[in-house]
Amino acid sequence: MDVKVSRRQFFKISAGGMAGSSLALLGYAPTAAADVRSFKLARTTEHRSTCPYCSVSCGLIMYTIGDKSKNIKPVIMHVEGDPDHPVNRGTLCPKGAGVLDMIHSPNRVKYPQVREAGFSEWKRISWEEALTRIAKLMKEDRDANFIEKNAAGTTVNRWNTTGFLASSASSNESGYISVKTMRAMGIVALDTQARI
Amino acid sequence: MTNSWVDIKNTDLVLIMGGNAAEAHPCGFKWVTEAMQTRKAKLIVVDPRFTRSAAVADTYAPIRVGSDIAFLGGVINYLLSIDKIHTEYVKAYTDATFMTKEGYNFDNGFFSGYNAEKRVYDKATWGYEVGKDGFVVVDETMQDPRCVFQQMKKHYARYTPEVVEKVTGTPKASFLKIAEQMGATSAPNKVMTILYALGWTEHSVGSQNIRTMAMIQLLLGNMGRPGGGVNALRGHANVQGITDMCLYSDVLPGYLGAPLDRDTSREEYLKRLTGKPLRPNQMAFTQNFPKWHTSQQKAWWGDAATKDNDFAYDYLPKKDAAYDVLHMFELMHQGKMNGFVCQGFNPLAALPNKKKITAAMSKLKYMVVADPLETETSEFWKNFGPLNDVKPEEIKTTVFRLPTTTFAEETGSFTNSSRTLQWKEKAADAPGEGKPDSEIMARLFVKIREMYKKDGGKAPEPIVNLSWPYQVADAPNPGEIMREFSGRALVDLMSIPDPKKPEEKPTLLVAGGTQLTAFAQLRDDGSTACGNWLYCGSWSPAGNLTARRDNSDPSGLGVFQNWGYSWPANRRILYNRASADPAGKHWDPSRKYLSWNGKAWAGVDVPDMRPNAAPEENVGPFIMNPEGVARLHAIGMAEGPFPEHYEPFETPLGVNPMNTNPKAISNPAARVYKGDMEAFGKAAEFPYAATTYRLTEHQHYWTKHSRSNAIVQPAPFVEIGEDLAKEKGFKNGDMVKVKSNRGEVKAAVVVTKRMKGLNVNGKVVHTVGIPIHWGFKGVTQNGYLANSLTPYVGDANSQTPEYKAFLVNIEKA
């Protein structure tokens with residue numbers, strides 16, 4: 001079967017109900033691609049996303065490879081601008097066009113680590129150990145320095161000896177959970193990247 | 001942004017100042033070139049550098065760093081002196097007709113009420129004169145010397161074109177050409193937009209830079225209209241959303257003022273923040289504050305927030321001081337903080353005066369860094385030779401580093417600078433054991449909560465009673481979280497009985513348990529829960545509206561009502577009532593946006609107005625202000641109700657050409673800590689103005705970890721003009737040392753035609769440009785952190801540091 005489709009239509013077809021399956025397997029594929037080698041995105045799954053850099057917030061399509069079977073982890077192998085997005089209309093700038101290399105940076109932090117006081121190196125620890133130690137340190141500091149009432153006798157319930165700086169790259173949902181939990185603990189030294 | 005990215009295409013004139021959209025926001029900048037092609041719009045760029053935005057501009061003018069208010073104040077004077085303003089708009093939609101108080105005065109750099117010892121103003125003489133009826137007194141003729149219009153005219157009369165040239169270095173002819181083009185948009189059928197970014201905010205007068213421009217847009221009648229507005233481009237993917245969630249000390253989610261140490265009760269707190277109309281018939285929308293706040297308390301503490309315990313008001317921390325990031329690090333530097341949690345933020349690189357930041361963090365007992373990348377902050381204790389010359393054995397801070405997901409590895413929403421929430425999907429797992437911030441925070445919280453339940457401790461109630469209804473306590477689902485901050489009815493919401501029709505039975509409005517559609521449904525009696533009123537309705541009974549992908553634009557004006565969800569209430573242009581004249585008709589028939597159809601406001605957007613407010617009711621378009629109109633005279637500002645030019649704290653002139661007052665050279669109301677004032681450099685030792693900036697190929701301190709970005713922009717450099725290079729004997733590529741009074745940076749020098757010495761106040765001022773993107777971690781070549789140089793002082797209102805105007809010297813390395 002010889003179906004002539006534009007690249008754009010091609011994406012629409014694969015997004016529309018056939019996500020994850022290969023057009024080639026269904027018996028047809030864009031002529032040019034089939035003749036030479038299989039189109040590298042043909043066996044990928046599309047995910048809609050938003051560029052993490054500036055606040056133009058260009059629409060992205062991320063392509064992952066991996067057949068979704070149990071224990072197979074999808075890997076992002078290509079990122080491009082979302083042509084349906086009303087602001088960027090498929091385009092990306094030099095920052096966003098390189099975002100795949102940020103995702104796969106060799107400098108990603110992969111495991112919880114601790115640098116003990118006065119030490120020169122990191123030590124890998126488990127999540128359980130890291131969070132238990134942090135929770136203990138926070139509770140200890142809170143219990144020692146929490147101010148329940150001010151001089152006038154008003155309940156003020158604040159804790160100002162531990163500070164929290166929030167990311168401007170977190171989602172709204174992460175931001176909400178952060179502010180809800182930190183305020184509940186009484187933290188007032190709270191600020192965000194947005195300040196600067 | 002008051003408007004949106006795509007809306008830029010509707011403009012007649014674009015001003016880019018305090019930003020560089022072509023390089024910092026390239027895909028948004030395309031809407032500028034679209035307007036230039038299709039509407040024949042003109043582009044003006046005012047910048048210390050001839051940027052790539054300037055390269056495609058119709059008009060470019062250079063300006064000395066830190067002198068924007070002098071330029072814009074000059075524009076105000078120009079517009080007022082030849083009456084190039086949109087008078088009908090100004091009279092109806094601003095406070096120009098309002099009378100100011102009798103004692104108000106401005107004299108030689110100080111406004112009335114200055115306290116030199118505390119560096120603050122007593123604002124008793126600022127603001128409006130209120131009559132016996134409780135409403136502001138107005139002068140419809142705008143002739144009274146005490147009305148805002150005349151006070152403003154008097155204030156800016158000093159900003160003549162000659163003075164503008166003397167203070168800014170912008171040639172008078174270029175200034176006048178730009179002022180004339182801006183003035184032409186005072187015609188009701190012409191609109192200008194302004195695009196700015198950190199080039200305006202990162203000054204000790206940052207907020208007033210923006211306010212001066214807002215005043216110009218009001219005088220020209222360009223606010224609330226398609227193709228108009230004041231548009232902050234903003235620099236991180238979710239900087240808008242995290243601001244809206246208010247992860248900062250001053251406010252609670254949705255910009256609800258946080259309770260203060262001096263608020264003695266909930267009643268007093270609510271009273272302080274609940275608005276009351278200052279003119280007849282005004283909406284004074286903050287009248288609803290108790291509904292927003294009570295609903296937030298219900299979202300946070302659920303059944304533990306009852307009428308009997310003042311809806312858990314005591315659980316909220318009461319703030320006793322500023323706790324912005326500069327203050328936080330000042331406290332740390334004084335040894336008054338023990339712990340610090342740093343989520344996706346790189347303060348060692350991003351905050352001013354690296355030496356002070358290092359010293360501050362070295363005094364902590366513990367620090368937690370949660371980040372997808374190995375940041376400089378997380379390794380502040382490690383020796384990297386001259387780039388980070390510290391002794392690890394002397395730094396006793398225990399540092400934890402936790403791996404997080406990037407945007408690509410988590411599901412949730414980001415809010416762009418057009419205020420549009422857009423949902424995204426997780427594509428893959430993070431490498432290794434990375435987790436989303438929401439899960440890290442949840443796990444940490446649950447652990448701490450269990451410790452309080454088991455072992456007790458100080459004030460456990462706010463923690464153990466925090467509403468935690470998530471299906472998996474350790475990992476709340478982003479959908480659950482969005483539904484919580486969007487809001488729902490806790491019980492059946494019945495209609496409020498109309499006292500005039502006592503016979504009518506209440507009807508069911510929203511069934512208990514249902515998601516709400518709009519913040520108008522929120523109540524102050526504990527019957528609704530909503531974590532962030534501004535985002536109310538983002539997950540309505542119709543589902544997750546932020547995930548919508550209908551890109552149809554029926555009006556052709558770039559209004560995508562069914563793409564994502566814009567706060568507030570899915571409104572795409574703020575103050576859009578002002579797109580119509582006082583009678584409710586379009587100012588410009590070629591850009592029909594919103595008008596009065598005889599019964600209601602209707603158009604292509606959600607009206608920013610009570611839908612049935614007939615024009616003859618005179619309900620002002622600026623509904624969040626109790627006066628209903630926009631403020632030319634604003635008492636909320638720390639350093640004066642009208643913006644005034646003050647020199648950067650490190651001034652190349654040593655004087656303020658606008659006054660002869662030695663105490664008013666720089667912002668008299670800016671907060672300066674002991675030690676930081678002494679660390680400011682003087683022009684005799686550091687003769688060159690300096691500014692930091694970003695490059696097209698890099699994003700802050702992230703992309704230095706990305707190979708493709710490192711290939712296209714691999715190594716640090718500083719930029720100077722040909723005239724300075726000749727004077728110093730530098731050739732392109734020479735290694736140079738740039739020094740401020742706080743530190744130094746070594747890098748190659750790039751000599752360009754883009755920067756030139758400017759004649760300012762009788763001397764030539766050269767500028768050194770310092771791109772910020774390098775550090776001691778990354779796949780680029782390593783470099784010095786640019787913020788080793790910058791001064792530790794912020795804007796008097798926002799405390800945003802003054803990165804864009806300081807002093808350096810430069811010599812061969």
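Biologist: What separation is there between the centres of domain 1 of chain B and domain 3 of chain B?

Modeller: The two centres, taken over C-alpha atoms, are 39 Å apart. This is a predicted model, in which local features need pLDDT of at least 70 and side-chain atom pairs count only at pLDDT 80 or more, while totals for chains, interfaces and linings use all residues. Residues are numbered from 1 along each chain as its sequence is written, with chains lettered from A and ligands numbered from 1 in the order in which they are written.

Biologist: Which stretches of chain B make up its domains?

Modeller: Domain 1 covers 23-232, domain 2 covers 250-319 + 477-545, domain 3 covers 325-416 + 419-464, and domain 4 covers 662-812. These bounds come from an automatic or database domain assignment.

Biologist: Why is chain B called as compact as a globular protein of its length?

Modeller: Its radius of gyration, taken over C-alpha atoms, is set against the globule rule, 2.2 Å times the number of residues to the power 0.38. For 813 residues the rule gives 28 Å, and chain B comes out close to that at 27 Å, so the description holds. Its C-alpha atoms fill a box of roughly 90 × 70 × 55 Å along the principal axes. Chain B has 21 helices and 33 strands; helices (H or I, at least four residues) and strands (E, at least two) are DSSP runs numbered from the N terminus.

Biologist: Why does A:Leu92 count as buried?

Modeller: A residue is buried if 20 or more other C-beta atoms, placed from the backbone, lie within 10 Å of its own; 12 or fewer makes it exposed, and anything in between is partly exposed. A:Leu92 has 21 C-beta neighbours inside 10 Å, so it passes the cut-off. The residue sits in the loop between β5 (75-81) and α3 (99-103) of chain A.

Biologist: Which residues is A:Leu92 in contact with, leaving aside neighbours within four places in sequence?

Modeller: Contact is defined by C-beta atoms, placed from the backbone, lying within 7 Å. By that test A:Leu92 touches A:Cys58, A:Glu80, A:Gly81 and A:Ala97, and also B:Cys27 from the other chain.

Biologist: How many residues does each chain bring to the contact between A and B?

Modeller: Chain A brings 104 residues and chain B brings 135. On the chain A side, helix α5 (residues 172-185) gives the most, with 13 residues. That side has 50 nonpolar, 34 polar and 20 charged residues. Here Ala, Val, Leu, Ile, Met, Phe, Trp, Tyr, Cys and Pro count as nonpolar, Asp, Glu, Lys and Arg as charged, and the others, Gly among them, as polar.

Biologist: What makes strand β10 (residues 162-166) of chain A a partner of strand β12 (residues 339-343) of chain B?

Modeller: Two strands pair if DSSP finds at least two bridges between them. These two run parallel and are joined by four bridges, so they meet the definition.

Biologist: Which residues have the most contacts inside the largest nonpolar core?

Modeller: They are B:Val14, B:Val368 and B:Val808, in a core of 280 residues. A nonpolar core is a set of buried Ala, Val, Leu, Ile, Met, Phe, Trp, Tyr and Cys residues joined through C-beta atoms within 7 Å. Leaving aside neighbours within four places in sequence, B:Val368 is in contact with A:Ile134, B:Val341, B:Cys342, B:Phe400 and B:Leu402.

Biologist: Why is strand β32 (residues 767-771) of chain B called largely enclosed?

Modeller: Five of its five residues are buried, so the rest of the structure largely encloses the strand. B:Thr767, B:Gly769 and B:Pro771 point one way, while B:Val768 and B:Ile770 point the other way. Five bridges join β32(B) to strand β26 (residues 688-693) of chain B, and the two run parallel.

Terms used
Contact = placed C-beta atoms within 7 Å.
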